Amino acid sequence: MSPALPASATEVRLRRLPEGLPRAGDFELVERPLPRPAPGEVLVRNRYFQLFAGLRTLLGGETEGLPLPPLGVGDTLFGPALGEVVSAPPGSGLAEGALVEHLAGWRTYASVPVEGCTPVGAELPDPAARLSSGSAAWAGLVRLAGLREGETVLVTGAAGGVGSLAGQIARRLGAARVIGTTGSPAKAERLRAELGYDAVLVRGAGSFEEQLRRAAPEGIDVLLDNVGGEQLAAAVLAARQGARFALVGALSGQLDPARGGGSAPTAVDVFRVITKGITLYGLNGGDHPEAGPEWLARFGDWLRAGEISFPHVRIPGMERAPRALQDMLGGAHFGTVLVDLTGEG
């Protein structure tokens, strides 16, 4: 027999518009009656949800060209989540207790349209790993940059959710040398010791151009860029002939307190782009629907074989989620950040 459902659910709403980067006090926990699914909707008990830097852009209101709406005062936050089906309409193919992925995180219970739920199979040994950002790293390295065995790869923002998997993926695909960047000496050491990076450049420890020249004296073949800014500019100067750049994120602008999160202007040497034959590709996940299933199958095989790890931190409890977002945007965490609701509801 299913356990009795609570009368209410908890969710996190925007209390006030952030000034600069979001802080915990910009949000509030709200109790509301348990959602009642409309026809065609599934009631889901959330177990985990992912914190992602894109919330900064949604909160800043600069969402032109994005598939997600801006967040205003009083709105409930949202994001990738993993939960258990509590009830589903007949014919949906979703059974009570089944795990599904969806985008209604930041709440203990959610009513989600059937078409917004993706069933979770047994591809991964830990279902929570479905909330990794590895598919973006895979698509960037394989679908955009066409990484080849023996090449030198630079991953900017290497300690984040995408970067902490990108370096490992590059190594598994045969890269001869993998270089990363981060803003913390402690994270740099973890990237070398735990994730196999050959060298790591640290923001604030001298110019990136000089650091990269020392780390890759013969240049780089592939860039997986999560940052932009001076790091992208340095990569252009260090590129070898025919280098391929996969632009996955723009944290230099997104995390700039003086900007709204929806722009990241960068000056690069266009003359070098032309003379070196560099190609720059921007990742739009919708353009590569096959990348997700490809990554899921490969990720599961690698995890079970112990050939890759899923660097992440689990923050227990909804009440800690606002501070966890503040900390993540401030660079406090390593890898993917998940809020763990398994002890709630």
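**Close-up views of a predicted model**

**View 1. Gln168 in helix H3.** Gln168 lies in helix H3, which spans residues 163–172, and the model shown here is a predicted one. Gln168 counts as buried because its relative accessibility is 7%, under the 20% limit. Beyond its neighbours within four places in sequence, Gln168 is in contact with Leu195, Ile308, Ser309 and Pro311.

**View 2. The largest nonpolar core.** This core has 45 residues, and Ile169 and Phe299 are those with the most contacts inside it. At least two residues of this core come from each of helix H2 (134–144), strand E8 (152–155), H3, helix H4 (185–195), strand E10 (199–202), strand E11 (220–225) and helix H9 (291–304). Another core, of 24 residues, lies apart from it and includes Leu71, Leu77, Trp106 and Ala324. In soluble globular proteins, nonpolar side chains tend to be buried together.

**View 3. Surroundings of Phe299.** With residues up to four places away in sequence not counted, Phe299 touches Leu124, Ala129, Ser132, Leu165, Ile308 and Phe310. Ile308 is also among the contacts of Gln168.

**View 4. Helix H10 and its packing.** Helix H10 comprises residues 321–329 and is mostly covered, with seven of its nine residues buried. These buried residues are Ala321, Pro322, Ala324, Leu325, Gln326, Met328 and Leu329. They pack against helix H1 (54–60) and against strands E1 (8–14), E2 (27–33), E3 (41–51), E14 (312–316) and E15 (336–340). Ala324 also belongs to the core of 24 residues.

Terms used:
Residues are numbered from 1 along each chain as its sequence is written. This is a predicted model: local features need pLDDT of at least 70, side-chain atom pairs count only at pLDDT 80 or more; totals for chains, interfaces and linings use all residues. Side-chain values use heavy atoms; hydrogens and water are left out. Buried means under 20% relative accessible area, exposed over 50%, partly exposed in between (1.4 Å probe, protein chains only). Helices (H or I, at least four residues) and strands (E, at least two) are DSSP runs, numbered from the N terminus. Contact means heavy atoms within 4.5 Å. A nonpolar core is a set of buried Ala, Val, Leu, Ile, Met, Phe, Trp, Tyr and Cys residues joined through side-chain atoms within 4.5 Å.
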